[in-house]
Amino acid sequence: MAQVQVFNQDGTKASVLELADSVFGIEPNANAMHLAVVSYLAAQRQGTQSTLTRSEVSGGGKKPWRQKGTGRARQGSTRSPQWIHGGIALGPKPRKYKVNLNKKVRRLAMKSALSSKVAAGEMMVVEKIELEAIKTKAIVEMLAKLEAAKKVLIVTEAADEKIYKSARNIEGVKVSPVNALNVYDILNCDSFIVLKDAAKKIEEVYA
């Protein structure tokens, strides 16, 4: 079984946690992780951009000049794309960017991302984070004692308002409950800090 060091909040070593190989010790599948990241980033796009075509801009009903005899190019409307205030040719229209992944690929991508962090030695398990109040300084001190990298993802078992609000102002630090965990955030961080209860819950969900 994969083993990860468990730390206390003050950075001291507490114990060693054994993790299921079926979740944290598989051979990472790069293709599955790539598809999961593409799907996640595509879902962030609103797809609401829209331009007006020549049929949608106002005006342009009258022919600007007669067809022949003026020496100028023939024109049928002042709202053609080449005119100022004309419509846009082949411009963007509202669309959905969603990329669908089947359940097996999503699970494989998540297991691959988790396993890659364990293999790279970037995953740390913290026994628990106790905060008396919402205090950014407490999280900064904890990360310093854990010698965390600049980009950090902290995973909690459930939504924790104290931890979230204490960390949201720190550049490069993101807090996520287990049920909102995604492959992009895991791969995008340099230090993957998971609370002990959250690690057990991840095992339960993906084992």
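Where is the place of Gln75? Gln75 sits in the loop between helix 2 (30-43) and helix 3 (103-119). Helices (H or I, at least four residues) and strands (E, at least two) are DSSP runs, numbered from the N terminus.

## About the model

This is a predicted model: local features need pLDDT of at least 70, side-chain atom pairs count only at pLDDT 80 or more, and totals for chains, interfaces and linings use all residues. Residues are numbered from 1 along each chain as its sequence is written, and side-chain values use heavy atoms, with hydrogens and water left out.

Gln75 is buried, with a relative accessible area of 13%. Buried means under 20% relative accessible area, exposed over 50%, and partly exposed in between (1.4 Å probe, protein chains only). The side chain of Gln75 makes a polar contact with the side chain of Trp83, at 3.0 Å. A polar contact is a pair of N or O atoms within 3.5 Å; within protein, one must be able to donate a hydrogen and the other to accept it, and residues adjacent in sequence count only if both atoms are side-chain atoms. Apart from neighbours within four places in sequence, Gln75 is in contact with Lys63, Pro64, Trp65, Gln82 and Trp83. Contact means heavy atoms within 4.5 Å.

His85 is in the loop between helix 2 and helix 3. His85 is not a glycine, yet its phi is positive, about 70 degrees. His85 is exposed, with a relative accessible area of 64%. Leu90 is found in the loop between helix 2 and helix 3. Its phi is near 60 degrees, a positive value in a residue other than glycine. Leu90 is exposed, at 88% relative accessible area.

An open sheet is formed by 6 strands, in the order 2-1-3-6-4-5, with mixed pairing. Its edge strands are strand 2 (13-19) and strand 5 (173-177), and each pairs on one side only. Two strands pair if DSSP finds at least two bridges between them. From one strand to the next, the twist averages 30 degrees.

Strand 1 (residues 2-7) and strand 2 run antiparallel, joined by 6 bridges. Gln5 stands opposite Val16 in strand 2. The hairpin of strand 1 and strand 2 has 5 residues between the strands. In this hairpin, Gly11 takes a positive phi near 90 degrees. Strand 3 (residues 123-126) and strand 6 (residues 191-195) run parallel, joined by 4 bridges. Val125 has Val194 as its bridge partner in strand 6.

## Leu195 in strand 6

Leu195 lies in strand 6. At 12% relative accessibility, Leu195 counts as buried. Leu195 and Glu127 are 68 residues apart along the chain, but 5.9 Å separates their C-alpha atoms. Leaving aside neighbours within four places in sequence, the contacts of Leu195 are Val125, Val126, Lys128, Ile129, Ile154, Val155 and Thr156.

## Helix 4

Helix 4 (residues 136-145) packs on the sheet and touches strand 4 (152-156), strand 5 and strand 6. The direction of helix 4 makes about 110 degrees with that of strand 4. Axes are lines fitted to C-alpha atoms, for helices over the stretch in contact, and angles run from 0 to 180 degrees between N-to-C directions.

Which residues of helix 4 are buried? They are Ile139, Met142 and Leu143. Seen down the axis of helix 4, these buried residues fall within an arc of 95 degrees, so they line one face of the helix. The arc is that of the directions from the helix axis to the C-beta atoms. Their cover includes strand 4, helix 5 (161-167), strand 5 and strand 6. The face turned away from the buried side of helix 4 carries the exposed residues Lys137 and Ala144. Glu147 follows helix 4 and has a positive phi, near 55 degrees.

## Helix 7

The buried residues of helix 7 (residues 196-206) are Lys196, Ala198, Ala199, Ile202, Glu203 and Tyr206. They cover an arc of only 160 degrees around the axis, which puts them on the same side of helix 7. What covers them includes strand 2, helix 1 (21-24), helix 3, strand 3, strand 4 and strand 6.
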